[in-house]
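The report below moves from single residues to the packing that surrounds them, and it is meant to be read beside the sequence and the coordinates.

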Amino acid sequence: MNTSGELATKYGKIYVDTEVIATYAGSVAVECFGIVGMAAVNMKDGIVKLLKKDYLHHGINVIVSKNKITLDFHVIVSYGVSINTVTENLINTVKYQVEEFTGMEIEKINIFVEGVRVID
């Protein structure tokens, strides 16, 4: 797994750390309709925890290979929404925003719906 993406310019190279990509992608994701937030799963107990805004990157795995990005999102969705509609919106929005932000291509986005929450 690469820890950064690399962009070559006429002045030199730019390295974008995967944590920067994850943090940006997480901030875009939580703005999408139907997404309550990112999830952290405790593998030992199988407990799903809603992450606070400062820790959004923990709910996202980023792999950069040959300057193509693969993102794995672990999300909690709102109760009563169409998961298909929410995930399609998430994929389209994140793909566009992250490609514009990084200058790299999104190869794949995997979404793991880890829970459902009722929103007041």
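Setting aside residues up to four places away in sequence, Ile-83 touches Val-77 and Val-113, where contact means heavy atoms within 4.5 Å. This is a predicted model, in which local features need pLDDT of at least 70 and side-chain atom pairs count only at pLDDT 80 or more, while totals for chains, interfaces and linings use all residues. Residues are numbered from 1 along each chain as its sequence is written, and side-chain values use heavy atoms, with hydrogens and water left out.

Ile-83 has its place in helix α2, helices (H or I, at least four residues) and strands (E, at least two) being DSSP runs numbered from the N terminus. With 40% relative accessibility, Ile-83 counts as partly exposed, a class that lies between buried (under 20% relative accessible area) and exposed (over 50%), as computed with a 1.4 Å probe on protein chains only. From Ile-83 to Val-116 the chain runs over 33 residues in sequence, and the C-alpha to C-alpha distance is 10.0 Å.

**The nonpolar core**

A nonpolar core is here a set of buried Ala, Val, Leu, Ile, Met, Phe, Trp, Tyr and Cys residues joined through side-chain atoms within 4.5 Å. The largest one has 27 residues, and those with the most contacts inside it are Ile-21, Met-38, Ile-69, Leu-71, Phe-73 and Val-94. At least two residues of this core come from each of α1 (18–29), β3 (35–42), β5 (60–65), β6 (68–78), α2 (83–102) and β7 (105–117). In soluble globular proteins, nonpolar side chains tend to be buried together.

The axes of α1 and α2 come within 10 Å and cross at roughly 140 degrees, the axes being lines fitted to C-alpha atoms, for helices over the stretch in contact, with angles that run from 0 to 180 degrees between N-to-C directions. That angle makes α1 oblique to α2, because angles under 35 degrees count as roughly parallel, over 145 as roughly antiparallel, 65 to 115 as roughly perpendicular and the rest as oblique. On the side of α1 the contact is made by Val-20, Ile-21, Tyr-24, Ala-25, Val-28 and Ala-29, and on the side of α2 by Leu-90, Thr-93, Val-94, Gln-97, Val-98, Phe-101 and Thr-102. These contact residues divide into ten nonpolar, three polar and no charged, where Ala, Val, Leu, Ile, Met, Phe, Trp, Tyr, Cys and Pro count as nonpolar, Asp, Glu, Lys and Arg as charged, and the others, Gly among them, as polar.

**Strand residues and their distances**

Ala-39 is found in strand β3 and is buried, with a relative accessible area of 2%. Leaving aside neighbours within four places in sequence, Ala-39 is in contact with Val-48, Lys-49, Leu-51, Gly-59, His-74, Val-75, Ile-76 and Glu-114. Arg-117, which is found in strand β7, counts as partly exposed at 35% relative accessibility, and, with residues up to four places away again not counted, Arg-117 touches Val-36, Leu-50, Ile-76, Val-77, Ser-78 and Tyr-79. Thr-9 lies in strand β1 (residues 4–9) and is partly exposed, with a relative accessible area of 39%.

| Residue pair | Separation along the chain | C-alpha distance |
|---|---|---|
| Ala-39 and Tyr-55 | 16 residues | 9.7 Å |
| Thr-9 and Lys-108 | 99 residues | 25 Å |
| Arg-117 and Glu-105 | twelve residues | 32 Å |

**The loop between β5 and β6**

Which backbone angle is positive in Lys-66, although Lys-66 is not a glycine? The angle is phi, at about 55 degrees, and Lys-66 has its place in the loop between β5 and β6, where it counts as exposed at 79% relative accessibility. Asn-67 lies in the loop between β5 and β6 as well; its phi is near 60 degrees, a positive value in a residue other than glycine, and Asn-67 is partly exposed, with a relative accessible area of 30%.
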